[in-house]
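Open the model in your viewer and keep the selection tool at hand. The stops below go from one element to the next.

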Amino acid sequence: MVLNKKNLAQFIGLLVLGSLAGSLAWEIVERIVNVAGNALSLSLAAPLSVDLHVIALSFRPNIGTLSGAAAGIVLFFLL
């Protein structure tokens, strides 16, 4: 698919979904490795956070975030 104004929302959606899926997958991998007795952490030390006094969100990007975003971009252009 070629990126234009009409499909920009789909591109951003695939980018965000890929980033979230990659982040969650990498977190699972890190936890499995930690349970096995090895220490592995390629996440940022300080989380990126937004506090609106009603709701607070925090996000710790890692290798899975980047690989998931790349997979979302590739998937978009393959469609």
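Helices (H or I, at least four residues) and strands (E, at least two) are DSSP runs, numbered from the N terminus. This is a predicted model: local features need pLDDT of at least 70, side-chain atom pairs count only at pLDDT 80 or more, and totals for chains, interfaces and linings use all residues. Residues are numbered from 1 along each chain as its sequence is written, and side-chain values use heavy atoms, with hydrogens and water left out.

**Stop 1: helix α1**

Select residues 8–35, which make up α1. The helix has 28 residues and reaches 41 Å from its first C-alpha to its last. That is close to the 40 Å expected at 1.5 Å a residue; the expected span is 1.5 Å times one less than the number of residues.

Now pick out the buried residues of α1: Phe-11, Gly-18, Ser-19, Gly-22, Ser-23, Trp-26 and Glu-30. Buried means under 20% relative accessible area, exposed over 50%, partly exposed in between (1.4 Å probe, protein chains only). What do these buried residues pack against? They pack against β2 and α2, with contact meaning heavy atoms within 4.5 Å.

Step past the end of the helix. Gly-37 follows α1 and has a positive phi, near 105 degrees.

**Stop 2: the salt bridge**

The term means a side-chain nitrogen of Lys or Arg within 4 Å of a carboxyl oxygen of Asp or Glu. A search of the whole structure finds one such bridge. Both residues lie in α1, four residues apart, about one turn of the helix. Glu-27 counts as partly exposed because its relative accessible area is 28%. Arg-31 has 54%, so it counts as exposed.

**Stop 3: the loop to β1**

Go to Ser-41, in the loop between α1 and β1. Ser-41 is 10 residues from Arg-31 in sequence and 9.2 Å from it in space, C-alpha to C-alpha. Leaving out residues up to four places away in sequence, Ser-41 touches Glu-30 and Arg-60. Its relative accessible area is 48%, so Ser-41 is partly exposed.

**Stop 4: the hairpin**

Select β1 (residues 48–51) and β2 (residues 56–59). The strands run antiparallel, joined by four bridges; two strands pair if DSSP finds at least two bridges between them. Which residue of β2 is the bridge partner of Leu-48? It is Phe-59. Val-50 stands opposite Leu-57.

Four residues separate the strands of this hairpin, and His-53 takes a positive phi near 65 degrees. Ala-56 is in β2. Ala-56 touches Val-50 and Asp-51, with residues up to four places away in sequence not counted. Ala-56 counts as exposed because its relative accessibility is 57%.

**Stop 5: the nonpolar patch**

Switch to a surface view. Color Leu-3, Leu-8, Ile-12, Val-16, Leu-17, Leu-20, Leu-44, Leu-48, Phe-59, Ile-73 and Phe-77. Together they form a nonpolar patch with about 940 Å² of accessible area. Patches are made of residues with over 30% relative accessible area and no salt bridge: like charges are joined within 9 Å, nonpolar side chains (Val, Leu, Ile, Met, Phe, Trp, Tyr) within 5 Å. Areas come from the Shrake-Rupley method with a 1.4 Å probe; for residues, only the protein chains shown count as cover.

Which helix gives the most to the patch? α1 does, with five residues. Both α1 and α2 (63–78) supply at least two residues each.
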